[in-house]
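Good morning, everyone, and thank you for making the time. Please have a look at the sequence and the structure on the screen, and then I will walk you through a few places in turn.

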Amino acid sequence: MEMILVTGATGQLGQRIVRRLFAGLSDAGAGRLAASVRDVSRACELAARGIEVRQADFDDRESLVTAFVGVERLVLISTDGPKDVRIAQHRNAIEAAQAAGVGHIYYTSFLDADAGSPSEFAQVHAATEALLADSGLDFTLLRNGLYADFLPMNFAAALETGVLRLPAGEGRVSYVSRNDLAEAIAAAVLAPRLEKKVYELTGQSTHDYWEIAAKVGRAAGTTLRYEPVSEDGYVASLESAGLRAKLARALGNMYSAVAENRFARTTNDFAALVGHPPRSIDCLVAEYFRAA
Ligand SMILES: NC(=O)c1ccc[n+]([C@@H]2O[C@H](COP(=O)([O-])OP(=O)(O)OC[C@H]3O[C@@H](n4cnc5c(N)ncnc54)[C@H](OP(=O)(O)O)[C@@H]3O)[C@@H](O)[C@H]2O)c1
């Protein structure tokens, strides 16, 4: 009986993937599912459903080795934090998977996984993909598009002022929700055989922020417009709103990557894995912004 383990199982994406895997495994197979978490006291719901909860911290390589023992399929969810810390954490996880004899890693990468991108998030994922390629382990890359779930946060100020200010230029984005990503990732993990090594999980269509602002405005019952700003101006506005400087810069350079159209593509990979398309941007915007 092959064991599947999901890291970051108390995170937003991880808990959705675990739910999908749990639903996809038959009753007899539910015992095949394990979750690794930093804080087991936050995983009582998982344990109560019969999911084996193992403690592991990405900063502690030995805890990862112990957690990965007996695991055939490892769903490695990228961590958060500063670039160098994340790369070191991902290296720890890959080395721990080697030491524990994991059969296959499913890594949640990023649509922009290019070392030459201005986005430091992209650089983290490019570095991790390279570590996987050098590891000798079998792996599948599940490159996630930008989360639509962040649209409410992006538009919080715009809904007050009427203007969405981002350093995204004329860039187009194929937004996709965490719920849909989790469905596709779980389908990949449960597939007896995969056709490809790299899956790019995108929304159905691409849009620039003039279009997205118009859609959000219509759904929220107001008028919104988009105004491109400089990366530095955007970072300064995030910092003055209280965001840590490093995170503000990482968000700023991510939108510079958007401006370079690094998220402006759609693929059929989602439908190939789950048998239907992801939710459209109109459905997602209606869900997040429908006027009360
Ligand atoms: N595609 C996109 O638009 C997008 C946007 C944001 C993030 N991401 C990436 O996708 C990942 C998953 O997204 P998400 O929404 O699920 O983020 P999230 O809710 O912040 O989840 C991150 C997970 O990583 C775990 N983690 C962080 N540091 C750890 C450590 N040292 N040891 C053990 N676990 C650690 C967290 O554990 P705890 O539960 O204990 O906190 C959490 O479960 C993020 O971490 C990030 O790499 C992608």
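Let me start with a question: does alanine 56 count as buried or exposed, and at what relative accessibility? Before the answer, a word on what we are looking at. This is a predicted model, in which local features need pLDDT of at least 70 and side-chain atom pairs count only at pLDDT 80 or more, while totals for chains, interfaces and linings use all residues. Residues are numbered from 1 along each chain as its sequence is written, and side-chain values use heavy atoms, with hydrogens and water left out.

Now to the answer: alanine 56 counts as buried, at 5% relative accessibility. Here buried means under 20% relative accessible area, exposed means over 50%, and partly exposed is in between, with a 1.4 Å probe and protein chains only. Alanine 56 lies in the loop between β3 (52-55) and α3 (61-68); helices (H or I, at least four residues) and strands (E, at least two) are DSSP runs, numbered from the N terminus. If we leave aside neighbours within four places in sequence, alanine 56 is in contact, meaning heavy atoms within 4.5 Å, with Ser36, Val37, Arg38, Ser63, Leu64 and Ala67.

Let me turn to the ligand. Which residues come nearest to the ligand? Of the 23 residues around the ligand, those are Thr10, Leu13, Ser78, Thr79 and Arg86, where a residue is near a molecule or strand if one of its heavy atoms lies within 4 Å of it. Threonine 10 places a polar side-chain atom 2.7 Å from an oxygen atom of the ligand, and arginine 178 places a polar side-chain atom 2.8 Å from a ligand oxygen, whereas for glutamine 12 a backbone N or O atom lies 2.9 Å from an oxygen atom of the ligand. The ligand taken alone exposes 890 Å², and the protein buries 84% of that; these accessible areas come from the Shrake-Rupley method with a 1.4 Å probe, and for residues only the protein chains shown count as cover. The shell around the ligand has eight nonpolar, eight polar and seven charged residues, and α1 (12-24) and α4 (83-100) each supply at least two residues of that shell.

In helix α1 we find isoleucine 17, which counts as buried at 0% relative accessibility. Isoleucine 17 and alanine 186 are 169 residues apart in sequence, yet their C-alpha atoms are 5.8 Å apart in space. Leaving aside neighbours within four places in sequence, isoleucine 17 is in contact with Val6, Val75, Ile77, Ala182, Ile185 and Ala186.

In helix α4 we find histidine 90, which counts as buried at 0% relative accessibility. A polar atom of the histidine 90 side chain lies 3.0 Å from the backbone nitrogen of threonine 79, and histidine 90 also touches Ser78, Tyr107, Val124 and Thr128, among others, not counting residues up to four places away in sequence.

Next comes glutamate 129, in helix α5 (residues 120-135), which counts as buried at 10% relative accessibility. Its side chain is joined to that of arginine 143 by a polar contact of 2.8 Å. A polar contact is a pair of N or O atoms within 3.5 Å; within protein, one must be able to donate a hydrogen and the other to accept it, and residues adjacent in sequence count only if both atoms are side-chain atoms.

What about the largest nonpolar core, and which of its residues touch the most other members? Of its 34 residues, they are Leu146, Leu151, Phe155, Tyr175 and Tyr209; such a core is a set of buried Ala, Val, Leu, Ile, Met, Phe, Trp, Tyr and Cys residues joined through side-chain atoms within 4.5 Å. α11 gives the most to this core, with seven residues.

Finally, asparagine 261 is found in the loop between α11 and α12 (269-274), and has a positive phi of about 60 degrees although it is not a glycine. Asparagine 261 is partly exposed, with a relative accessible area of 38%.

Note on methods: Nonpolar A, V, L, I, M, F, W, Y, C, P; charged D, E, K, R; others polar.
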